[in-house]
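Hello,

Here is the structure I promised to pass on. My notes follow below it.

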Amino acid sequence: YVVVEPTTVVATHLIEVLKANAAELLGRQDVQEMVETLKKSHPALVEEVVPNKLSLGTLHRVLQRLLRERVPIRDLVTILEALGDAADTTKDPEHLCEFARRALANVIARLHADPTGAVRGITIGPRLEQALTGLFSPRAGQQAMGLLTPDGLAALLRDLNEQAMAHSYDGRPLPLIVPPSLRIGVRRLIEPVLPALPVVSLAELPPQVTLQSAALWE
């Protein structure tokens, strides 16, 4: 048996509650203060991005999305640099968040790396990948609709949850590794029922990171 002090247990649970609700706890005034602090050391970057390219509200929503998926936002310099480049093509917070996540690839890889530095995850089988691609495209193909019926989709989500927990590491579910084009759609799909399951794009893992498939979702 491992003896743990009651205060340690309470502190651990409190930290987990704060992490789970960090997106809701981050207010617009908090973001304003973060930007003002960063402006002291990186004035040119802040002036270029906020508010010239993006409003404070858009930055707030992007940071909330990152926190909702438990991606740290301490490296605000990298986040703003990525958003500044991406703002020329989109102002949508959801898509801007994808650019920020890719810029934070090293951070995301460390979040899911095992002691050897490799990232173990659940990968998508080719048939399901094709069906999901069809589902998320403007014109869903017949194959996608045939495989992803409500009952079939519920069974797929149950199977995904079982695999994630069966192959969990240190009490955490393994991430679901998906192609970049599917990350937003898959995240929308599983979030209502599996909000704690990380969805990581292949574009968010640095080339030097070893990726190991622990299970196949199909």
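Contact here means heavy atoms within 4.5 Å. Please keep in mind that this is a predicted model.

Start with Leu 83. Leaving aside neighbours within four places in sequence, Leu 83 is in contact with Leu 54, Leu 59, Val 62, Leu 96 and Ala 100. Leu 83 belongs to the largest nonpolar core, which has 38 residues. Leu 59, Leu 63, Leu 66, Ile 79, Leu 80 and Leu 83 touch the most other members there. Two or more residues each come to this core from helix H3 (28-41), helix H4 (43-49), H5, H6, H7 and H8.

Next, helix H7, residues 93-103. Its buried residues are Pro 93, Glu 94, Leu 96, Cys 97, Glu 98, Ala 100 and Arg 101. Their cover includes helix H5 (56-68), helix H6 (76-86), helix H8 (105-112), helix H12 (183-190) and strand E3 (199-201). At the start of H7, a side-chain oxygen of Asp 92 comes to within 3.2 Å of the backbone nitrogen of Glu 94.

H5, H7 and H12 each give two or more residues to its lining. H12 gives the largest share, four residues. By class, the lining has nine charged residues, two nonpolar and no polar.

Best wishes

How values were computed. Residues are numbered from 1 along each chain as its sequence is written. This is a predicted model: local features need pLDDT of at least 70, side-chain atom pairs count only at pLDDT 80 or more; totals for chains, interfaces and linings use all residues. Side-chain values use heavy atoms; hydrogens and water are left out. Buried means under 20% relative accessible area, exposed over 50%, partly exposed in between (1.4 Å probe, protein chains only). A polar contact is a pair of N or O atoms within 3.5 Å; within protein, one must be able to donate a hydrogen and the other to accept it, and residues adjacent in sequence count only if both atoms are side-chain atoms. Ala, Val, Leu, Ile, Met, Phe, Trp, Tyr, Cys and Pro count as nonpolar, Asp, Glu, Lys and Arg as charged, and the others, Gly among them, as polar. A nonpolar core is a set of buried Ala, Val, Leu, Ile, Met, Phe, Trp, Tyr and Cys residues joined through side-chain atoms within 4.5 Å.
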